[in-house]
Protein chains: 2
Amino acid sequence: MKQYNRKYSIMSKKVVVIYSGGMDSYTVLHKAIEEGLTPYALTFDYGQRHVKEVQVAEQVCKELGVHHKVIDITSINQIIGGSSLTDSSIEVAQGDYEESNMLNTVVPNRNMILLSLAIGYAVSLKADQVYYGAHSGDHDIYPDCRPVFLEKMNDVAAVANYEKTEIHAPYLQTDKIGILKDGIRMGLDYAKTWTCYNGREQACGQCGSCVERLQAFEKNGITDPITYEA
Amino acid sequence: MKQYNRKYSIMSKKVVVIYSGGMDSYTVLHKAIEEGLTPYALTFDYGQRHVKEVQVAEQVCKELGVHHKVIDITSINQIIGGSSLTDSSIEVAQGDYEESNMLNTVVPNRNMILLSLAIGYAVSLKADQVYYGAHSGDHDIYPDCRPVFLEKMNDVAAVANYEKTEIHAPYLQTDKIGILKDGIRMGLDYAKTWTCYNGREQACGQCGSCVERLQAFEKNGITDPITYEA
């Protein structure tokens, strides 16, 4: 990682990267670094069960020497309920993302909320770009990961402030398999990511998120470096 | 107010109203009630100096029997700084809104953030509308109070979730004088509103917000019922 550190220590363009600690945004973070940008990583604690993501994100940013902010927005759960990711009374669905039961992992308006905060941060920093890890594998289940959502958000981001901000999703037309492929090309260590929706010590290997991750490794013909339960 | 209480006790359409406790959103709240909607008032505590607004909002909703949520989003000040409304090291500007020194009351991306949260709340409630108090008097100074911003936000709100949400600003083409005129027509008591940007016991009468309020009362030929310092 040393070469990245050198790259963004020189005067370069700032970019806000929404970085959850998961493998998609981990790859996006490194993509921004590879492009010679200075990332300002932004992690949201919205009461997700998988809080281990946040810890992993902190560790990675520390190692890379990347600016990092963790913002506690758990208070929004008072108005935005009904997702198994934040409501402990709802069981996290198991199996493929394609299954209709994955609908209970949809957090109402999540990406508009997170992106609007990231844009506010970008305006404060005088950065003109926000990177986030939407990808085609999420298009079916999450409306706010679709290209049309990104396009419309960019139309708003152009007029909401005196400073025009652009949202960029480098993997919008790629799936998780392609993201991992690009990360492998960059020499990334995916032991430094957390994907599981359940917040236990080890990844469950059963939830939709784990299943999708394991498939991506399998399709790339490599072994996932993290340890799974059982 | 009794007739309003009766109106929304019957089965009627829900609407989320962004209600700060100020005179604009106070009027919007009553507009929604007059239209026969059931308002879900939403107040954001973002560390504004004028926290009295929040107390006033609570009292009004209690009296009206309106559903009310106050959401603490002060943590966002860790990423969104530079406004005199939230940063106590910056002095609140005095005088007309037209003055360039009112620029320091601009909170980066404020309305996109607040509206995205309100939309999330609407989706959770199965309400399909959000009302907010943007008006023409703010167009010059706040980019996120302009018609083009609202138009673009509605384009996003239509695609961000499975449920389409519409944002409505009933006074978008009206100024504060017109809002007050409509409120007087509805028989509203503006003693139950708070406008001053400074958070002292009484309104200062000097800040841009007070000056604009006082002008609105003067132009309507009536006396502001609240008490001012000196």
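Two residues are in contact if their C-beta atoms, placed from the backbone, lie within 7 Å. By this criterion, the contact between the two chains takes 35 residues from chain A and 35 residues from chain B. Helices (H or I, at least four residues) and strands (E, at least two) are DSSP runs numbered from the N terminus. Strand 3 (67-72), helix 4 (110-125) and helix 5 (147-157) of chain B each supply at least two residues of the side that touches chain A. Helix 4 of chain B gives the most, with nine residues. By class, this side of chain B has 21 nonpolar, nine polar and five charged residues. Here Ala, Val, Leu, Ile, Met, Phe, Trp, Tyr, Cys and Pro count as nonpolar, Asp, Glu, Lys and Arg as charged, and the others, Gly among them, as polar.

The model is predicted: local features need pLDDT of at least 70, side-chain atom pairs count only at pLDDT 80 or more, and totals for chains, interfaces and linings use all residues. Residues are numbered from 1 along each chain as its sequence is written, while chains are lettered from A and ligands numbered from 1 in the order in which they are written.

Chain A comes to seven helices and five strands. Along the sequence the pattern is α-β-α-β-α-β-α-β-α-β-α-α. Of the contacts in chain A with a separation of 6 or more, 70% are accounted for by residues 24 or more positions apart. A residue is buried if 20 or more other C-beta atoms lie within 10 Å of its own, exposed if 12 or fewer, and partly exposed in between, with C-beta atoms placed from the backbone. Buried residues make up 49% of the 230 residues in chain A.

Helix 2 of chain A (residues 23-34) has twelve residues and should span 16 Å at 1.5 Å a residue. The expected span is 1.5 Å times one less than the number of residues. The end C-alpha atoms are 16 Å apart, which agrees. Eleven of the twelve residues are buried. Just after this helix, Gly36(A) takes a positive phi of about 85 degrees.

Met23(A) lies in helix 2 and is buried, because 26 other C-beta atoms lie within 10 Å. Beyond four places in sequence, Met23(A) contacts Leu180(A), Tyr190(A), Thr193(A), Thr195(A) and Arg213(A). Thr27(A), also in helix 2, is buried with 27 such atoms within 10 Å. An unreviewed UniProt entry places a "binding site" at residues including Met23(A) and Thr27(A). UniProt annotations may be inferred rather than shown by experiment.
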